[in-house]
Amino acid sequence: MQLRELVDAVTGDEPPMGRTVDDIVAAGRRAERRRRTRFATAGAAGLVAVAVAAAITVPTLDARRTSSALSGAPRPGVSPWPDASPFTFTFTGYDAGTLHVQDPIVVSTAYQIAPVYSDRHTSNDKPVSRDEAIEENTARAKPRLWAYLTVYRPGAFDPAAIKDGRSVRVAGRRAVQATLPFGLDPRNPVEPGNKLFAWEYAHNAWAAVTSISGDTATPSFADLSGLVAGLKPAGPTPAPLPFTVGYLPRGYVPLQVGTHAMPGLSGIATARAGDYGGATYTRPPLRTSGLTAPFDSVEGGIRDGFHIFVTPSTSSNQSPEPGATRCYPGAARRGGFCNVWSADGSVVVQVSSEGVGGQVPQAELLRIAQGITVADDVRDESTWTPAGDALTP
């Protein structure tokens, strides 16, 4: 899904009409999730498709390498990064001072993404209770933070394309830092609380932490650079999915998946909301080089695609319909989404073209949805299927 942000929407049995709020995720000024009765989870039944940010492009960096150590080449005693296939996790969570990188939960053809939490902030990644909502408005409340670490495959990330990026070196590695614009929209002035710090963790392979904070001073670039030393290879481990696909329209290929999360930045923005998993497909395949941000950071970056979401009914802003299958049209009566509810109404499978072009006809969305098989016990990861096997019929 194109995550312009997660938005508040009315609760009801009819598909909600979306309202875009450009400063939730982008500026980190407001909570992205509210009580489940007040918001539609992006990708859950009755979702509102949205986009998180705009492309970050332009200026150049000095791309010269002065030594193998500065280029991020493997050093003696350091394990090399595995040459893993797409949809495979190759690192695990770690701590760096007050920052805590979680295990990655999103993986694509070009990168993996993990949420990043801070001791000094409240993380924007789950619905909040009434008491928490009240606490947010008090003087003692922590500032809010939405942060994530994207680990790109070799050749996927282009540091020279970071707008106003400043070249630095940290722990003997090339790095670049930049302050991002308000709303992550390049037409806007920079917002001091919006930061990007990227570094070359292996030869021609970069990792980048994006921090959207309600406190302009924290995390600082020094805080973010502390993540460099802790990033180590692990695995590789194929991403498990709680479903398998039985039908795909011609030409569509998998782009990214979410494990215990929705695919893409929607999954990072609702990392602790209790969702099971999902996938995004595109036609044609998107390029896997020259990137400066995840695919769905760019509004309109996915022009012809669809999402699969498998979530508990509690993530939906629609009333459960046990055993029912129902489709709704999208904008201009094109595309839309289809829901297939489990027999007991506890799980919903949604296939949606909202926010990703709306090109897939509703009849095809329905056929895709009816061809999906959910794991025998969707709550038990041991019954799930590796993404490489789950994503194609």
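**Exercise 1.** Leaving aside its neighbours within four places in sequence, which residues is T282 in contact with? Then work out whether T282 is buried or exposed.

*Solution.* Keep in mind that you're looking at a predicted model.

Step 1: find the spot. T282 belongs to strand β16, which covers residues 277-282.

Step 2: list the contacts. Once neighbours within four places are set aside, T282 is in contact with G251, Y252, V253 and L255, and also with I302, D304 and G305.

Step 3: check the accessible area. Buried means under 20% relative accessible area. T282 has 2%, so it counts as buried.

Step 4: follow the side chain. It runs from T282 to the backbone oxygen of P284, at 3.2 Å.

**Exercise 2.** Which strands pair with β7, and in which sense does each one run? Also say how many of the residues of β7 are buried.

*Solution.* Let's go partner by partner.

Step 1: take β5, residues 111-118. Six bridges join it to β7, and the two run antiparallel. As one example, P115 sits opposite Y148 of β7.

Step 2: take β6, residues 122-123. Here the pairing with β7 is parallel, over two bridges. Across from S123 you'll find L145 of β7.

Step 3: take β11, residues 205-213. Seven bridges link it to β7 in the antiparallel sense. In this pair, L149 faces V209 of β11.

Step 4: now the burial. β7 spans residues 144-152, and nine of its nine residues are buried.

Step 5: sort the side chains. In a regular strand, side chains alternate between the two faces of the sheet. In β7, R144, W146, Y148, T150 and Y152 point one way, while L145, A147, L149 and V151 point the other way.

**Exercise 3.** Where is the place of R334, and what does R334 touch, not counting residues up to four places away in sequence?

*Solution.* This time we're off the strands.

Step 1: locate it. R334 sits in the loop that runs between β18 (325-328) and β19 (337-341).

Step 2: look at what it touches. Apart from residues up to four places away, R334 touches E354, G357, G358 and Q359.

Step 3: compare sequence and space. Q362 is 28 residues from R334 along the sequence, yet their C-alpha atoms are 7.4 Å apart.

Step 4: judge the exposure. Partly exposed falls between the buried limit of 20% and the exposed limit of 50%. R334 has a relative accessible area of 43%, so it is partly exposed.

How values were computed:
Residues are numbered from 1 along each chain as its sequence is written. This is a predicted model: local features need pLDDT of at least 70, side-chain atom pairs count only at pLDDT 80 or more; totals for chains, interfaces and linings use all residues. Side-chain values use heavy atoms; hydrogens and water are left out. Helices (H or I, at least four residues) and strands (E, at least two) are DSSP runs, numbered from the N terminus. Buried means under 20% relative accessible area, exposed over 50%, partly exposed in between (1.4 Å probe, protein chains only). Contact means heavy atoms within 4.5 Å. A polar contact is a pair of N or O atoms within 3.5 Å; within protein, one must be able to donate a hydrogen and the other to accept it, and residues adjacent in sequence count only if both atoms are side-chain atoms. Two strands pair if DSSP finds at least two bridges between them.
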